[in-house]
Amino acid sequence: MAELMAILLFISICVALMAGYPVAFTLGGVSLLFAGIGILTGSFDPGYLSALPNRLFGIMNNQTMLAVPLFVFMGVMLERSRVAEDLLESMSRLFGTLRGGLAISVCVVGALLAASTGIVGATVVTMGLLALPTMLRRGYDPAISTGTLAATGTLGQIIPPSIVLVLLGDVMSSAYQQAQLKMGIFSPKTVSVGDLFVGALLPGLLLVGLYILYIIGVAILQPKKLPALSKEELGDVEWGKLLKALVPPLILIGAVLGSILAGYATPTEAAALGAVGAMLLALSKKKLNFTQLRDVAYGTTEISAMVFMILIGASLFSLVFRGFGGEALIEDVFAQLPGGVLGAFFLVMLVIFLLGFILDFIEITFVVVPIVGPVLLAMGLDPVWLGVMIALNLQTSFLTPPFGFALFYLRGVTPPSIPTSTIYKGVVPFILIQLALLVIAYIFPGLITWLPEQVYGS
């Protein structure tokens, strides 16, 4: 009876989320409803709910999660400072004379914005407004243009500092400690957000390289789809303007990531540094005033409140699911799969990929990962490798229709003359590239684990 209730709980939450109900209240409300039914039927121990206050205080006292509002503030402030506009104009002049040069410029600027803002919605909308009209006017294929813009906008989910990695780092740390306790290790090691940041750096850069290689390949094989622009049309490269647009974001990226890599700051401290740096950058561009600061603070508060409410709802779901014996059920299913740990890993990755079609990355992070993470880690998988692989998989959820958020954001700024089917068609090659990177990282795990070993010597 209890195991059946655990399965029904998970299915009910997925159905409610697909129906469009708010995530945080769906997680908490449905879980409480099932807990009440379980208490009445004798299949749920109410003692599990007594752990909820400690969970809530744990969320409030979690220093790592402070990085979320700080990184959001940094990203929103930079988005309002016209960093993308200056970068895109300069990069277009630098690469525009090449076939596919505008698309390459979009990839390079998208990578820089990913490492400085990390907010998918802001990046996709900004780049769509700035670059898409120019690309279409210059004769670029609409599908490739929209696909490039949507895909580069999602780079902020894997290139650190990334909100996904912050949330995953907290969830994976808890899962890793649970796994070690099950294995009889009573002085458990931890995995930090900084570990995931370092582990995701090389895969993130490789993904940018793969995007650019794809664009170059299309430009060579189908030059009409990505025409080159004349130097007279673009104008000369203004190196002073290019450096002025490029250097400040690079300094900010170097300060945030460099302080983490060098061990001088935790991700939370680096996020605070980034928030101050973003304000200074806005001030240098004369884009900082009281109204701007107020709007950025409101935007940060709205996004952060959403994340923390979802985290509270997910904590309640986790307690109720465990109270129904759901964790033991998952362990039994994984133990009976052919292929052992590899079979379990592939099943989890497949489920996460398929859920990405209908659920948001935050929902998957807080609902699915706490369930499967401890079981997979107890089977011996490396926590940093597993965390980055899940992050790479979650990135596809922004591009997979019908609920890919990057597709929604881009649709909002795309001319009505371009049908939604064209956008869907354009993102398919980039989804395949992301899946190819997952295969590469599986075959060569050192792509993820090598840099953390060099930085932390473990």
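Is Ile 11 buried, partly exposed or exposed in this predicted model, and at what relative accessibility? Ile 11 counts as partly exposed, at 44% relative accessibility.

**Figure 1. Two residues of helix α1, Ile 11 and Met 5, in the predicted model.** Ile 11 has its place in helix α1, which covers residues 2-18. Its relative accessibility of 44% falls between the limits of 20% and 50%, and Ile 11 is therefore classed as partly exposed. The C-alpha atoms of Ile 11 and Met 309 are separated by 21 Å, and the two residues are 298 residues apart along the chain. Met 5 also lies in helix α1, but this residue counts as buried, with 5% relative accessibility. Neighbours within four places in sequence left aside, Met 5 is in contact with Phe 34, Ile 37, Gly 38, Ser 43 and Phe 324. Between the C-alpha atoms of Met 5 and Asp 360 the separation is 24 Å, for two residues that are 355 residues apart along the chain.

**Figure 2. Lining of the second largest pocket.** The space in this pocket amounts to about 400 Å³. Its lining consists of 17 residues, and those nearest the centre are Arg 55, Asp 170, Ser 174, Leu 311 and Ser 315. Four helices each supply at least two residues of the lining: α3 (52-60), α9 (163-182), α14 (290-323) and α18 (369-378). Sorted by class, the lining has eight nonpolar, six polar and three charged residues.

**Figure 3. Asp 170 in helix α9 and Met 60 in helix α3.** Asp 170, one of the residues nearest the centre of the second largest pocket, has its place in helix α9. With a relative accessible area of 19%, Asp 170 is buried, because the class takes in values under 20%. Apart from its neighbours within four places in sequence, Asp 170 is in contact with Asn 62, Met 65 and Val 193. Met 60, in helix α3, is by contrast exposed, with a relative accessible area of 64%.

Figure 4. Pro 161 lies in the loop between α8 (142-153) and α9. Gly 204 belongs to helix α10, residues 193-221, and is buried, with a relative accessible area of 0%. From C-alpha to C-alpha, Gly 204 and Leu 155 are 7.3 Å apart in space and 49 residues apart in sequence.

**Figure 5. Tilted aromatic pairs Phe 44–Tyr 48 and Phe 346–Tyr 442.** The count of aromatic pairs comes to 13. One of them, formed by Phe 44 and Tyr 48, is tilted, at 6.0 Å centre to centre and 35° between the planes. Phe 44 is buried, with a relative accessible area of 4%, whereas Tyr 48 counts as partly exposed at 30% relative accessibility. For Phe 346 and Tyr 442, the ring centres are 5.1 Å apart and the planes stand at 55°, so this pair is tilted as well. It links distant parts of the chain, with Phe 346 in helix α16 (residues 340-355) and Tyr 442 in helix α21 (residues 420-443), 96 residues apart. Phe 346 is partly exposed at 44% relative accessibility, and Tyr 442 is partly exposed at 27%. Phe 346 and Tyr 442 form one aromatic cluster together with Phe 345 and Trp 385.

**Figure 6. Helix α16 and what covers its buried residues.** The 16 residues of α16 should span 22 Å at 1.5 Å a residue, and the end C-alpha atoms are 23 Å apart, which agrees. The buried residues in α16 are Gly 343, Ala 344, Phe 345, Val 348, Met 349, Ile 352, Phe 353 and Leu 355. What covers them includes α15 (326-336), α17 (361-367), α18, α19 (383-395) and α21.

Conventions
Residues are numbered from 1 along each chain as its sequence is written. This is a predicted model: local features need pLDDT of at least 70, side-chain atom pairs count only at pLDDT 80 or more; totals for chains, interfaces and linings use all residues. Side-chain values use heavy atoms; hydrogens and water are left out. On a 1 Å grid over the protein atoms alone, a cavity is a set of points where a 1.4 Å probe fits but cannot get out, and a pocket is an open set with protein on both sides within 12 Å along at least five of seven lines; lining residues have an atom within 4 Å of a point. Grid points are joined across faces, edges and corners, and a volume is the space filled by probe spheres set on the points. Ala, Val, Leu, Ile, Met, Phe, Trp, Tyr, Cys and Pro count as nonpolar, Asp, Glu, Lys and Arg as charged, and the others, Gly among them, as polar. Rings of Phe, Tyr and Trp (its six-membered ring) pair if their centres lie within 6.5 Å; planes under 30 degrees apart count as stacked, over 60 as edge-to-face and the rest as tilted. Buried means under 20% relative accessible area, exposed over 50%, partly exposed in between (1.4 Å probe, protein chains only). The expected span of a helix is 1.5 Å times one less than its number of residues. Contact means heavy atoms within 4.5 Å.
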